[in-house]
Amino acid sequence: MNAGIPLNDQIYWVGVNDRQTALFEELWPIPDGIAYNSYLILDDQVAIVDGVKDISIDRYIGRIRSLLGGRPVSYLVINHIEPDHSGAIRALCEAFPGMKIVGNKKTMDLLEAFYGIRENLQTVNDGDTLELGKCRLQFHITPMVHWPETMMTYESSHKILFSGDVFGGFSAIEEGIFDDESGDIRRHEDEMLRYFVNVIGKYSVMVQKALAKIRHLDIRMLASTHGLVWRSRPDRAIELYDRWSRYEAEQGAVIVYASMYGNTEKIMETIANSLADARVGIIKVHNVSRVHASYILSDIWRYRAVILGSPTYNTGLFPLMDHLVRLLENKMLRNRIAGLFGSYGWSGGAVKEMTGFVSRMEWDLTDPVIEVKCSATDEDLNKCSLLGSNIAQRLRE
Ligand code: FEO
């Protein structure tokens with residue numbers, strides 16, 4: 001992928017695939033990599049929209065130069081200044097002297113703080129426009145999706161929305177950059193959800209505000225900073241982000257458990273069997289010690305019911321379950337049906353902590369809450385079956 005990819009007769013994708021980084025934000029696994037999408041608009045005046053991380057910079061600038069034919073670049077539009085989109089900015093300024101950096105006031109504050117850049121700036125306000133020739137850019141400030149300075153840029157001639165992180169997803173560009181070129185769109189949508197949940201989900205309320213703000217635009221193509229460019233079904237990407245940021249869930253349950261010696265696992269199996277017998281939707285089971293939290297969070301965001309189980313560890317929650325519930329609390333996921341189970345040997349603690357967590361999340365806790373001493377008795381296992389069937393009943397309602 002050495003040449004730019006045309007989006008139309010004037011606009012090219014010139015971004016970078018990152019297959020070197022193991023953890024995005026040093027937190028989230030990206031086994032299939034990630035793309036930093038950058039776009040070049042060739043008009044009477046030339047503009048770059050969105051930059052890239054400080055990797056593959058020579059290839060990136062070479063790709064831009066090969067399309068310019070010696071012309072200067074007039075503008076660099078920064079929709080989002082997080083370093084995965086601005087790490088190459090000094091190299092861009094050196095390669096294209098005289099290029100003005102376009103952003104809002106908060107962008108400029110961060111630009112100076114990150115890179116010490118104070119010159120060749122063009123500050124824009126919400127609704128301002130920039131004429132390039134045939135292409136006309138309009139700036140829509142959409143804060144906290146996912147930083148305070150974030151904005152979206154609408155190109156009205158070709159009806160393209162450059163949306164920043166919103167509508168983005170994990171995974172490098174493989175078969176093609178467009179949604180209709182993907183042979184496995186479901187995998188991309190899964191990685192889009194995992195990106196949304198782990199990176200942007202905390203700001204769901206602000207995503208809703210951003211969606212309301214762009215609703216009046218005639219959008220024929222969505223060009224975000226990560227993942228696919230949606231040219232065939234931009235409405236699909238908007239629909240997904242709308243559902244996820246409203247905390248809307250699919251029918252099904254996620255059971256997440258930890259178990260040191262198999263006793264908590266036995267409880268989990270009984271609950272899962274009872275739930276499966278009721279046939280009320282998908283059931284996903286995750287061992288928190290074996291599956292990265294980013295995938296578990298993604299499934300919890302996807303399905304209506306969450307059942308958490310943990311042994312007591314040093315009078316509290318099992319550490320990896322503790323990590324998971326802290327992440328969930330940080331992401332502020334709302335509107336879930338919850339079930340809880342746990343075990344202890346010489347001191348309780350795990351179930352109490354999980355009960356406090358569900359209460360703080362304002363989730364709908366389903367009876368019975370199960371706490372087993374050492375190993376489950378027949379009476380305990382009957383309660384587990386009851387919890388499974390009660391969760392199934394809630395899912396049916
Ligand atoms: Fe892709 Fe928030 O940076």
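In this predicted model, the buried residues of helix 8 are Thr264, Ile267, Met268, Thr270, Ile271, Ala272, Ser274 and Leu275. An α-helix has 3.6 residues a turn, so residues three or four places apart point the same way. The buried residues of helix 8 pack against a group of strands, namely strand 18 (250-257), strand 19, strand 20 (303-313), strand 22 (337-344) and strand 24 (370-373), and also against helix 12 (378-396). Helix 8 itself runs over residues 263-278, and its 16 residues reach 24 Å from the first C-alpha to the last, which is close to the 22 Å expected at 1.5 Å a residue. Just after helix 8 comes arginine 279, which takes a positive phi of about 50°.

The domain assignment gives the protein domain 1 (5-245) and domain 2 (252-396), and the centres of domain 1 and domain 2, taken over C-alpha atoms, are separated by 38 Å. Where the two domains meet, 15 residues of domain 1 are in contact with 11 residues of domain 2.

Arginine 246 is found in the loop between helix 7 (234-245) and strand 18. Because its relative accessibility is 39%, arginine 246 counts as partly exposed. When its neighbours within four places in sequence are left aside, arginine 246 is in contact with Gln208 and Asn335.

Because both domain 1 and domain 2 give residues to the lining, the largest pocket lies between them. Helix 5 (185-200), strand 19 (282-287) and helix 9 (293-302) each supply at least two residues of this lining, and the largest share, six residues, comes from helix 5. By class, the lining of the largest pocket divides into nine charged, three nonpolar and two polar residues.

The second largest pocket, with a volume of about 160 Å³, is lined by residues that include Thr21, Phe24, Tyr36, Lys53, Glu82 and Gly87. Strand 4 (23-24) and helix 2 (83-86) each supply at least two residues of the lining of this second pocket, and the lining has six charged, four nonpolar and two polar residues.

Rolling a probe the size of a water molecule over the atoms shows where empty space is left. The structure holds two cavities of 30 Å³ or more. The largest cavity contains about 60 Å³ of space, and among the residues that line it are Phe167, Phe170, His188, Met192, His226 and Trp230. The lining of the largest cavity divides into five nonpolar and five polar residues, with no charged residues.

The second largest cavity holds about 40 Å³ of space, and the elements that give two or more residues to its lining are helix 2 and helix 3 (89-95). Residues lining the second largest cavity include Val52, Leu76, His85, Gly87, Ile89 and Leu92, and by class this lining has six nonpolar, four polar and no charged residues.

Note on methods:
Residues numbered from 1 in each chain as written. Predicted model: local features only at pLDDT ≥ 70, side-chain atom pairs only at ≥ 80, totals over all residues. Heavy atoms only, no water. Helix = DSSP H or I, 4+ residues; strand = E, 2+ residues; numbered from the N terminus. Nonpolar A, V, L, I, M, F, W, Y, C, P; charged D, E, K, R; others polar. Domains from an automatic or database assignment. 1 Å grid on protein atoms, 1.4 Å probe; cavity = no way out; pocket = protein on both sides within 12 Å on 5 of 7 lines; lining within 4 Å. Points joined across faces, edges and corners; volume = space filled by probe spheres on them. Expected span 1.5 Å × (residues − 1). Buried < 20%, exposed > 50% of the residue type's maximum accessible area, 1.4 Å probe, protein only. Contact = heavy atoms within 4.5 Å.
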